Amino acid sequence: MASLPSSSRDTGLRRQIPQSTSASIEPPPQIRTGWLWIVGLSGFCLSIYCTSVFLGWKAAWKKSEELELEQDADVSDRYNNIATRYDEDIDTMEKVMRLDGKRKKLCQKAKGHVLEVSAGTGRNGGYYDLGTYGEGGETGRVKAKGKRIKSMTFVDQSEKMLQICSKRWKEQHPKFRGRVEFVVADAGVKKAITPPPGSTGFDTIIQTFGLCSITDPVEYMRTMKDLLKKPGPNGTEGGRVLLLEHGRGHYWWINYVLDGLAKEHADRFGCWWNRDIGKIVKDSGLQIAGLKRYHFGTTWALELTHTGVEDTFDKESKKTN
């Protein structure tokens, strides 16, 4: 019997003997447990946070229902009680809502004789553009005729808050040579504030998150109108009221939440955050020269004058209905 060539025998043998498949099977991918831990921990923390927020809101809602507090009641006395911890309480919220940038944008428009009402602890102090207010100022390079801000008057009902405001201003602007006054008073009371000597009114009136704590906000804004410099007969520019406020938003559901938590929030912070800012401004007689709204319409940035652009207000106010 003839024998097969060795090469043939080898081929046949390889066909008969199955090849080992262990080398061709890829090992299962390794699961990166580190990422699983991070995702799991993040989800757990988020659930805890959402639960705490929900429970906090639920408790606040219940407290609002139980409080014997009339809507728009005077709660201004709360500010003296929370003065020392006020900044700490609202810092995180303002950073999340990026309100520091909105404060700065508003204050950068201030010029001439400036009145800041509801000044509080002076959170706006570092945002004013004082770089061109005159010889002997912080830059020391601009002559007096180039002054941007001639004087600053800070007013608040809370003496404790205004003390913090005064200290903060002096630390932030030690070289300011303009006239600076800190007045403990209700700015809404007639003749409680007088314009600087030699002026017919304030060139700029600023208020940030103050209308929420005023007992009669419409009459208060009418007083601001009286304090504001009027346009001259020869076309001289009048003054401006600059507001950054929170109030009712564009949508019913967010207003429902604001209303439900309003009493608890007012009792805690001295602030009625569910007021109709648009209606207050319109009833005051001041005119809208500029209006922007943020955070579902609950944050209002306004520029008001004696004669403004009413169409801007009419367009925006319809969104709150």
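**Charged pairs, cysteines and a pocket**

Asp-87 and Arg-123 form a salt bridge in which the closest N and O atoms are 2.7 Å apart, a salt bridge being a side-chain nitrogen of Lys or Arg within 4 Å of a carboxyl oxygen of Asp or Glu. The pair links distant parts of the chain, since Asp-87 sits in helix 4 (residues 86–96) while Arg-123 sits in the loop between strand 1 (112–117) and strand 2 (149–156), 36 residues apart; helices (H or I, at least four residues) and strands (E, at least two) are DSSP runs, numbered from the N terminus.

The model is predicted, with local features needing pLDDT of at least 70 and side-chain atom pairs counting only at pLDDT 80 or more, whereas totals for chains, interfaces and linings use all residues. Residues are numbered from 1 along each chain as its sequence is written, and side-chain values use heavy atoms, with hydrogens and water left out.

Side chains of opposite charge can pair when their charged atoms come close. Asp-87 counts as buried because its relative accessibility is 14%, and Arg-123 is buried too, at 17%, where buried means under 20% relative accessible area, exposed over 50%, and partly exposed in between (1.4 Å probe, protein chains only). Asp-87 also forms a salt bridge with Arg-168, the closest N and O atoms being 3.0 Å apart. This second pair again links distant parts of the chain, from Asp-87 in helix 4 to Arg-168 in helix 6 (residues 159–172), 81 residues apart. Arg-168 counts as partly exposed, because its relative accessibility is 23%.

Arg-123 has a salt bridge with Glu-94 as well, with 3.4 Å between the closest N and O atoms. Glu-94 lies in helix 4 and Arg-123 in the loop between strand 1 and strand 2, so this pair ties together parts that are 29 residues apart in sequence. Glu-94 is buried, with a relative accessible area of 5%. Through shared partners, salt bridges join Asp-87, Asp-91, Glu-94, Arg-103, Arg-123 and Arg-168 into one network. Over the whole structure, the search finds 17 salt bridges.

Turning to the cysteines, a search of the whole structure finds zero disulfides, a disulfide being a pair of cysteine sulfur atoms within 2.5 Å. Cys-271 is in no disulfide, and the nearest cysteine sulfur, that of Cys-212, is 3.1 Å away. Cys-271 counts as buried, at 3% relative accessibility, and Cys-107 is buried with a relative accessible area of 0%.

Lys-191, by contrast, is exposed, with a relative accessible area of 80%, and is found in the loop between strand 3 (179–184) and strand 4 (204–208). The C-alpha atoms of Lys-191 and Asp-226 are separated by 9.8 Å, although the two residues are 35 apart along the chain.

Finally, there is a pocket to consider. The lining of the second largest pocket includes Lys-109, Lys-111, Asp-203, Lys-229, Arg-240, Leu-242 and Glu-303, a pocket being, on a 1 Å grid over the protein atoms alone, an open set of points where a 1.4 Å probe fits, with protein on both sides within 12 Å along at least five of seven lines, and lining residues having an atom within 4 Å of a point.
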